[in-house]
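Welcome! Take a look at the structure first, and then we will walk through it together.

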Amino acid sequence: EAMSAMKDGLSLCGNVILPSLFPFFVLSSLVVELGMSRCLGRLFQPVMAPLFRVNGACASAVALGFIGGYPVGARTAIALYESGQCSRTEAERLLAFCNNSGPAFILGVFGSGAAGLLLYLAHVAASLLVGVLFRFYRYREPPRPSRQPEAHFQAARFSAAFTRSVTSSLASALNICAFILFFTVTIRMLTLSGLLTGLARLLARLCAPLGLSQVWAERLLTGVLEVSSGVSSLTGGALSGRLSMAAFMLGWAGLSVHCQVLAFLGDSGLSMRTYFVGKLLHGALSAALLGLLTRLVPLN
């Protein structure tokens, strides 16, 4: 059974994770290495500072986080901090809201363009709301001003930046695959041993007033551990309920993604507190916004 789960995990990594993440990892590395984030900083400083209390260079982490999927945004934010392009407080603010699911995964979750679009809109809107809320984190510390108005593309260093970006990106992608394989096997073992079912039964009893059944509690626990497994388990039942639970799972991102972010943090000294609080808020706000959207735009 463990070998079978590993094969399923390897199939997921080979067919989905590596093809979708590796190119964005290379891109995010080049954005930082070549100084492109500093150029973006001059352009987006008037927007990023008032909304999120971070300097304009942080726009690259936000943008790549929305299009690249987990954990491209977090990896970019950490790289910006380590290269001195943002302060520690700005990096921790970024970690609270820039680690998001990519549009390709969300839009294809339920095989419905309308449902996927509503899910993605709720996901993006909730992330931006979390970013606005975390502008009050260490509020007395202002965003770092753009200190390099002469920022330019460092073409002379392109060869070194390119090779370094490719090799480091492959290592990062393999780290992510390692966590996905671990959690794939863990979920299979928890299911076969009956532990996941027992925990789901307990959660269903505690949440009985909310109408959470044991089946849905088990799906929720699966998504809390690993987001892709949890979302793929959401079959049957009302579409609005499935979408709301998927919105929470995608906002929370799962322990597997959190471990991936922890691996990137390393010895950076950045706190994970804002990250965890931000992801929990992201999940709750996504589910609430999705519920509102499905009332405004009824789905079959």
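Start with Leu95: leaving aside its neighbours within four places in sequence, this residue is in contact with Ala74, Ala77, Ile78, Leu265, Leu270, Ser271 and Tyr275. Keep in mind that you are looking at a predicted model.

**The nonpolar core**
- Leu95 is one of the residues with the most contacts inside the largest nonpolar core, together with Leu94 and Leu119.
- This core has 68 residues, and its largest share, seven residues, comes from helix H7 (residues 113–133).

**The largest pocket**
- Its volume is about 720 Å³.
- The pocket is lined by 35 residues, and the closest to its centre are Leu12, Ile17, Phe105, Glu226 and Ser228.
- Which helix gives the most to this lining? H1 does, with eight residues.
- Other helices that each supply at least two residues include H3 (59–68), H8 (158–193) and H13 (255–265).
- By class, the lining divides into 16 nonpolar, 14 polar and five charged residues.

**The second largest pocket**
- This pocket has a volume of about 330 Å³.
- Of its 14 lining residues, Ser29, Arg75, Ala79, Glu82 and Ser168 are the closest to the centre.
- H4 (72–82) gives the most to this lining, with five residues, while H1 and H8 each supply at least two.
- The lining is made up of four nonpolar, six polar and four charged residues.

How values were computed:
Residues are numbered from 1 along each chain as its sequence is written. This is a predicted model: local features need pLDDT of at least 70, side-chain atom pairs count only at pLDDT 80 or more; totals for chains, interfaces and linings use all residues. Side-chain values use heavy atoms; hydrogens and water are left out. A nonpolar core is a set of buried Ala, Val, Leu, Ile, Met, Phe, Trp, Tyr and Cys residues joined through side-chain atoms within 4.5 Å. Buried means under 20% relative accessible area, exposed over 50%, partly exposed in between (1.4 Å probe, protein chains only). Helices (H or I, at least four residues) and strands (E, at least two) are DSSP runs, numbered from the N terminus. Contact means heavy atoms within 4.5 Å. On a 1 Å grid over the protein atoms alone, a cavity is a set of points where a 1.4 Å probe fits but cannot get out, and a pocket is an open set with protein on both sides within 12 Å along at least five of seven lines; lining residues have an atom within 4 Å of a point. Grid points are joined across faces, edges and corners, and a volume is the space filled by probe spheres set on the points. Ala, Val, Leu, Ile, Met, Phe, Trp, Tyr, Cys and Pro count as nonpolar, Asp, Glu, Lys and Arg as charged, and the others, Gly among them, as polar.
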